[in-house]
Structures are given as structure tokens and as C-alpha cells.
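Subject: Structure handover and notes

Hello,

Please find the structure below, followed by notes on what turned up in it.

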Amino acid sequence: MSAFKCIVFSDLDGTLLDHYSYQSTEAEQTLKQLADAQIPVILNTSKTRAELEVIRVELALDSPFIVENGAAVFLPKSTFSTQPVDTQDVGEYWVKSFSLSRQHWLNLLENKTQEFSGFYRGFSSMTVDELCQLTGLSQTQAKLAKQRQFGEPIQWTGDEVIKKAFIEKLCDLGANVLHGGRFMHVSDYCDKGQALIWLAEQYRDYFDTDNICTIALGDGENDIAMLEAADIAVQIKSPVHPFPRLYRQYKTIQTKHFGPKGWAEALQQLLSKQLHPTLTNPEVTHG
């Protein structure tokens with residue numbers, strides 16, 4: 001059980017991946033240390049399954065992952081020896097879904113919010129080239145980003161007054177709106193925190209223990225629910241916005257460094273000093 005004493009839940013863009021370059025170079029050493037210590041790193045992000053299947057290979061991760069702001073948890077069948085209750089068998093995964101399909105939200109946007117149609121652009125209406133220009137993603141990455149299953153990211157182009165009315169209308173129609181690093185996400189009433197709680201409970205049930213600590217790392221507003229739900233919350237410093245406000249007043253860290261450097265900074269401090277002494281690395285400084 002000691003191998004699963006700690007579980008790390010991590011956002012990607014602006015957190016484990018640099019906001020501008022999408023690289024994780026400064027976190028690679030810490031990722032390897034976590035793997036050697038058998039501490040799972042659960043990617044918990046607004047990205048799609050298609051994107052994460054590529055990124056997980058690049059980061060050498062084989063743990064479960066959470067897509068589209070908590071819309072679904074994908075568990076490789078090697079995670080547990082038995083299928084968790086209330087999950088679907090989908091290829092090589094067991095999947096726990098918390099959301100209606102993307103098409104439901106596309107229909108709602110098209111048919112119920114016509115008065116706002118000139119004030120936003122959704123992923124579904126953007127070409128791959130437009131998405132590349134907007135985000136800095138490569139053609140391949142943009143194609144994967146467009147493969148949404150559960151929600152629709154939109155780029156808001158109107159003012160704040162109209163945006164507030166738009167969000168109120170969507171909420172009245174049963175949608176949830178989350179703000180990410182670059183986009184507003186229209187989806188079901190699910191979030192990264194709900195998914196974290198569900199997955200942590202699966203680990204507790206499977207290993208028949210409450211001796212599990214969850215650490216969550218994120219930089220954006222759509223990470224707030226995840227950070228609030230974790231035992232330890234790490235807010236990663238962003239180059240483009242201030243730290244979002246958290247309600248919790250305990251076990252909260254704000255990093256000094258941006259992106260993956262801040263990610264590594266926080267985990268080196270936490271895991272070497274508090275949770276897993278085998279991760280102590282005398283060459284790493286903690287700023």
C-alpha cells in the first residue's frame with residue numbers, strides 16, 4: 001500500500017506544461033522520481049482523450065487520466081484488478097462519465113443562445129489553422145484538441161456585460177461554464193474536483209485504506225474545484241493572470257516559479273520533506 005500513499009493530480013497547460021511552449025522539460029526529473037517511487041500522476045485537464053493519449057506517452061505515464069474538466073475518468077484496465085462499479089468498458093479503459101455528450105451542448109448553443117452567436121467562436125466552428133493561430137498548437141495537436149467528446153470550448157469576443165448575460169442564460173439552460181487559461185468551457189455540471197474525489201475513492205476502496213493523500217496542482221480558474229478537493233493544494237504561478245482565489249485556508253502552496261518549474265519546485269518540497277523521503281534530491285534547491 002505504501003506505493004499509493006500519495007496521488008498527484010495535475011493540470012497541464014500553464015502547470016505541468018509551459019503556458020507558451022507547451023514543454024515540460026523543467027519537470028522531467030521530478031516526473032521520473034515520482035515514477036520510481038510508484039506515485040501516480042493523474043493528468044486532470046481540459047484536454048481531450050485524444051490529446052492525453054499522446055501526452056501520456058511523451059511523459060511516460062501509465063496512470064488514469066481525467067479529460068475535459070472532469071467530464072470523464074479513463075482508467076487503464078491495468079490500474080485495478082476488478083472493474084470499478086458504475087464504469088463502462090471502452091476498449092483498453094474503464095470509463096466513468098460525469099457529463100452528457102458534446103452534441104447535447106452544441107445543440108443547446110445553436111438553438112437556445114442565438115442572440116449571443118456573434119460574441120463567441122466555438123472549437124467546432126474553428127478550422128485547424130485558426131486553432132493553431134489562436135493557441136500556438138501544431139496542426140497535429142490542434143486536430144487532437146478538436147476531438148471533444150463532452151463539452152465545447154469557446155473563445156469569447158464580446159464585452160464583460162454581455163458575457164455575464166450569456167453565462168446566466170447557459171446556466172438557466174442547465175449548462176455549466178468554466179474559465180480555463182484561454183477559453184470558456186461549456187459542459188455539464190462536472191468539474192475536476194468531482195472527478196478527483198471519485199478516483200481517490202476508487203484507490204481507497206481497492207486498497208482498503210484511508211491512508212491516501214491527494215496533492216493537486218493547477219494554475220487556472222477551472223482548477224479551483226480540484227484544488228479545493230485535494231488534501232494539499234498547489235497553485236502554480238501564471239505569467240498571464242494572478243492566482244485564482246481559493247476558499248480553503250490550509251495546506252495551500254503558491255509557487256514562486258511559473259509552469260513546470262513551479263510544479264517541480266512544489267513537489268520536491270512536499271515529497272522530499274513530508275511524504276516520501278526516498279524522493280529527497282540534494283541537488284534540487286527549493287527557492
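Which residues form one aromatic cluster? The cluster consists of F116, F119, Y120, W156 and F166. Please bear in mind throughout that the model is predicted.

Rings and charges

A pair of aromatic rings is described by the distance of the centres and the angle of the planes. The count of aromatic pairs in the model comes to 13. Two rings also have a charged side chain over the face. K96 sits over the face of F98, 5.3 Å from the ring centre. In the other case R248 lies over the face of Y250, and here the distance to the ring centre is 4.7 Å.

Helix 7

Helix 7 covers residues 192–207, which makes 16 residues. From the first C-alpha to the last, helix 7 reaches 23 Å, close to the 22 Å expected at 1.5 Å a residue. At the N-terminal end the cap is D191, with a side-chain oxygen 2.9 Å from the backbone nitrogen of G193. Just after helix 7 comes D208, which takes a positive phi of about 50°.

Rolling a probe the size of a water molecule over the atoms shows where empty space is left. In this model there are three cavities of 30 Å³ or more. The largest cavity has a volume of about 310 Å³. Its lining is made up of 24 residues, and D13, S46, K47, F183 and H185 are the closest to the centre.

The largest pocket holds about 420 Å³ of space. There are 19 residues in the lining of this pocket, of which L17, Y22, I55, E58 and L59 are the closest to its centre. The elements that give two or more residues to the lining are helix 1 (28–36), helix 2 (49–58) and helix 5 (139–145).

Y22, already listed for the pocket, has a positive phi of about 60° although it is not a glycine. Y22 belongs to the loop between strand 1 (6–10) and helix 1. Is Y22 buried or exposed? Y22 has a relative accessible area of 11%, so it counts as buried, the cut-off being under 20%.

N69 is another residue other than glycine with a positive phi, near 60°. The loop between strand 3 (65–67) and strand 4 (72–76) contains N69. N69 is buried because its relative accessible area is 1%.

Partly exposed positions and C-alpha distances

K112 is in helix 3, residues 102–112. K112 is partly exposed because its relative accessibility is 47%, and that class runs between 20% and 50%. Between K112 and Q155, which are 43 residues apart along the chain, the C-alpha separation is 18 Å. With a relative accessible area of 30%, L173 is partly exposed.

T127 is placed in the loop between strand 7 (120–122) and helix 4 (128–135). The relative accessible area of T127 is 41%, so T127 is partly exposed. T127 and K146 are 19 residues apart in sequence, and their C-alpha atoms are 9.2 Å apart in space.

The remaining position is A229, found in helix 8 (residues 224–229). A229 has a relative accessibility of 28% and therefore counts as partly exposed. A229 and L108 are 121 residues apart in sequence and, C-alpha to C-alpha, 30 Å apart in space.

Regards

Terms used
Residues numbered from 1 in each chain as written. Predicted model: local features only at pLDDT ≥ 70, side-chain atom pairs only at ≥ 80, totals over all residues. Heavy atoms only, no water. Phe/Tyr/Trp six-rings, centres within 6.5 Å; stacked < 30°, edge-to-face > 60°. Lys NZ or Arg CZ within 6 Å of the ring centre and 35° of its normal. Helix = DSSP H or I, 4+ residues; strand = E, 2+ residues; numbered from the N terminus. Expected span 1.5 Å × (residues − 1). Polar contact = N/O pair within 3.5 Å; in protein donor to acceptor, adjacent residues only side chain to side chain. 1 Å grid on protein atoms, 1.4 Å probe; cavity = no way out; pocket = protein on both sides within 12 Å on 5 of 7 lines; lining within 4 Å. Points joined across faces, edges and corners; volume = space filled by probe spheres on them. Buried < 20%, exposed > 50% of the residue type's maximum accessible area, 1.4 Å probe, protein only.
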